[in-house]
Amino acid sequence: MKPAILILDDDHPTLELYTRELSDEFVVFPCSSTPEAIPLLAREPLAAVVFEPAMENGGGWEFLQSLADFCIPRHIPIIFCSTQDEHRGEIPPEAGVFLVKPVLPNQLAKTLNQILHPSSSKSKELSA
């Protein structure tokens, strides 16, 4: 069974690209707004969340604390893919990984796999 991930980004081309490219390895729930994501967070057994906190004209940063409060106790890693590197310090270190856009889909897939399968990622790196 493929792990389920939520991708939360209001840039539609990016959302479509990530959804299309990651669907082979993951069950992808694409969302372009925080109100759309909230019921999915509560309903779906997510393995990880990919989040652009700069979305909604910066309103995503306000949603960050709610997202972290939900995900951290449930051990759901968050991958922050953002154009706003200057906000990196606002990310709780236990929440996940911060990637600066542009992030290619294969880089995102690799990061997801490293987070979700840390022991198999290390063995792949050793055999490469």
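This is a dialogue about a predicted model, its terms and the values behind them.

Visitor: What rules apply to the model?
Guide: The model is predicted: local features need pLDDT of at least 70, side-chain atom pairs count only at pLDDT 80 or more, and totals for chains, interfaces and linings use all residues. Residues are numbered from 1 along each chain as its sequence is written, and side-chain values use heavy atoms, with hydrogens and water left out.

Visitor: How many helices and strands are in the chain?
Guide: Five helices and five strands. Helices are DSSP runs of H or I with at least four residues; strands are runs of E with at least two; numbering starts at the N terminus. The order from the N terminus is β-α-β-α-β-α-β-β-α-α.

Visitor: What makes the chain as compact as a globular protein of that length?
Guide: Its radius of gyration is 14 Å, and the globule rule gives 14 Å for 128 residues, so the chain counts as that compact. The radius is taken over C-alpha atoms, and the rule is 2.2 Å times the number of residues to the power 0.38. The C-alpha trace spans about 45 × 30 × 30 Å along its principal axes.

Visitor: What share of the residues count as buried?
Guide: 45% of the 128 residues. Buried means under 20% relative accessible area, exposed over 50%, and partly exposed in between, with a 1.4 Å probe and protein chains only.

Visitor: Why is histidine 75 called exposed?
Guide: Its relative accessibility is 70%, so histidine 75 counts as exposed. Histidine 75 is in the loop between α3 and β4.

Visitor: What is the phi of histidine 75?
Guide: Near 60 degrees, a positive value in a residue other than glycine. Most residues other than glycine have a negative phi, and most peptide bonds are trans.

Visitor: Where is there a cis peptide bond?
Guide: Between lysine 101 and proline 102, with omega about 10 degrees. Proline 102 is in the loop between β5 (96-100) and α4 (105-116).

Visitor: Why is the pair of phenylalanine 51 and phenylalanine 63 called edge-to-face?
Guide: Rings of Phe, Tyr and Trp (its six-membered ring) pair if their centres lie within 6.5 Å; planes under 30 degrees apart are stacked, over 60 edge-to-face, and the rest tilted. The count by this rule is two aromatic pairs. Phenylalanine 51 and phenylalanine 63 lie 6.0 Å apart, centre to centre, with 70 degrees between the planes, and the pair is edge-to-face. The pair links distant parts of the chain: phenylalanine 51 is in strand β3 (residues 48-51) and phenylalanine 63 in helix α3 (residues 60-71), twelve residues apart. Both phenylalanine 51 and phenylalanine 63 are buried.

Visitor: How do you know that phenylalanine 51 and phenylalanine 80 form an aromatic pair?
Guide: Their centres are 6.2 Å apart, and the planes make 65 degrees, an edge-to-face pair. Phenylalanine 80 is in strand β4 (residues 78-82), 29 residues from phenylalanine 51. Phe51, Phe63 and Phe80 form one aromatic cluster.

Visitor: What sits over the ring of phenylalanine 70?
Guide: The charged end of arginine 74, 3.9 Å from the ring centre. The rule asks for NZ of Lys or CZ of Arg within 6 Å of the ring centre and within 35 degrees of the ring normal.

Visitor: Is cysteine 81 buried or exposed?
Guide: Cysteine 81 has 1% relative accessibility, so it counts as buried. Cysteine 71, at 0%, is also buried.

Visitor: Why is aspartate 9 called buried?
Guide: Aspartate 9 has a relative accessible area of 3%, so it is buried. Aspartate 9 is in the loop between β1 (4-8) and α1 (12-22).

Visitor: What does the side chain of aspartate 9 make a polar contact with?
Guide: The side chain of lysine 101, at 2.5 Å. A polar contact is a pair of N or O atoms within 3.5 Å; within protein, one must be able to donate a hydrogen and the other to accept it, and residues adjacent in sequence count only if both atoms are side-chain atoms. A polar atom of the aspartate 9 side chain also lies 2.9 Å from the backbone nitrogen of aspartate 11.
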